[in-house]
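Please open the model beside this note. The points below can be checked one by one.

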Amino acid sequence: MRLRFGRRSIAAACLAGLLGGCCGVMPAPVDGAASKGLVNVGDARAAATHYHDSGAYDRDLVRVADAARRWVEKRAGQVSHPALVLDVDETSLSNWPVMKADDFAYIRSGACDSLPAGPCGYLAWENRAEAVVLPGTLTLVRAAQSRGVAIFFVTGRGEAERAATAANLTHAGYRDWTGLYLRAPGRPTPSAADYKAPIRAVIEARGYTIIANMGDQPSDLAGGHAERTFLLPNPFYRIN
Ligand SMILES: [Mg+2]
């Protein structure tokens, strides 16, 4: 229900509040159901949008990717067959257009032909191969490759999206990666970590030393098989 106070009423209410404060009158208690500390979803959406639009998100992404770059540049020459593992979504590519169009909802299926308006199905979006580069990660990758570090992308996207994902990474500027691992069909795991950590073990079994693993979800990084981990900010969604 919308409140119908006009500007004048609001001003009068504010004045009364100020006067009340001067006179030491306590505000009347508000009756209602407490939400027990739960986040208000509307407030969270507004805060997430401001975090993105203010530029703070981009700055935080670059700060983490730069820390990873400094570590990789230092470590690359000290180990045999160094490797860098990267997640794809919100790590190497940004899906901000669909997050904004869907107002932070996750709509898996359905068309995505009304951008910038939603709704937009994520599978259709990913097959458009239009996710945009995250510049700090591309800088990290190029610095790593210049020092002989192999790049492995490990993503929870399905194997059916391999061609679109590879095309999107290429359009975004990534080149000459050594491996792109996608999830095989019909093999769900309780957590993304239960799928990604064993893949890192496979990469190690191929003779590589994973000197850094960077992702936007804790589940990208859990389970070991990397010398150091780097967590990018993502207040927009959670993948357990
Ligand atoms: Mg991700």
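Which unit do strand 4, helix 7 and strand 5 make?

1. They make a right-handed β-α-β unit, with helix 7 covering residues 162-172. Right-handed has a set sense here: with the strands pointing away from the viewer, the path from the first strand over the helix to the second runs clockwise. Helices (H or I, at least four residues) and strands (E, at least two) are DSSP runs, numbered from the N terminus.

2. A word on the basis. This is a predicted model, in which local features need pLDDT of at least 70 and side-chain atom pairs count only at pLDDT 80 or more, while totals for chains, interfaces and linings use all residues. Residues are numbered from 1 along each chain as its sequence is written, and side-chain values use heavy atoms, with hydrogens and water left out.

3. Now the whole protein. The protein has nine helices and seven strands. Of its 240 residues, 41% are buried. Buried means under 20% relative accessible area, exposed over 50%, and partly exposed in between (1.4 Å probe, protein chains only).

4. Look at strand 4, residues 150-158. Seven of its nine residues are buried, so the rest of the structure largely encloses it. Strand 4 pairs with strand 1 in the parallel sense, over four bridges. Strand 4 also pairs with strand 5 (residues 179-183) in the parallel sense, again over four bridges. Two strands pair if DSSP finds at least two bridges between them.

5. Phe152 of strand 4 is the bridge partner of Val85. Phe153 stands opposite Leu180 in strand 5. In a regular strand, side chains alternate between the two faces of the sheet.

6. Next, find Thr165 in helix 7. Is Thr165 buried or exposed? Thr165 is buried, with a relative accessible area of 0%. Leaving aside residues up to four places away in sequence, Thr165 touches Val88, Arg157, Leu180 and Leu182. Contact means heavy atoms within 4.5 Å.

7. Which residues coordinate the magnesium ion? Asp87 (OD), Asp89 (O) and Asp216 (OD) do, at 2.0 to 2.1 Å. Asp87 lies in the loop between strand 1 (82-86) and strand 2 (93-94), and Asp216 in the loop between strand 6 (209-215) and helix 9 (218-221), so the pair ties together parts that are 129 residues apart in sequence. Donors are N, O and S atoms within 2.8 Å of the metal (3.2 Å for Na, K and Ca); water is not among the atoms, so sites may look incomplete.

8. Check the cover at this site. Asp87 counts as buried at 7% relative accessibility. Asp216 counts as buried at 3%.
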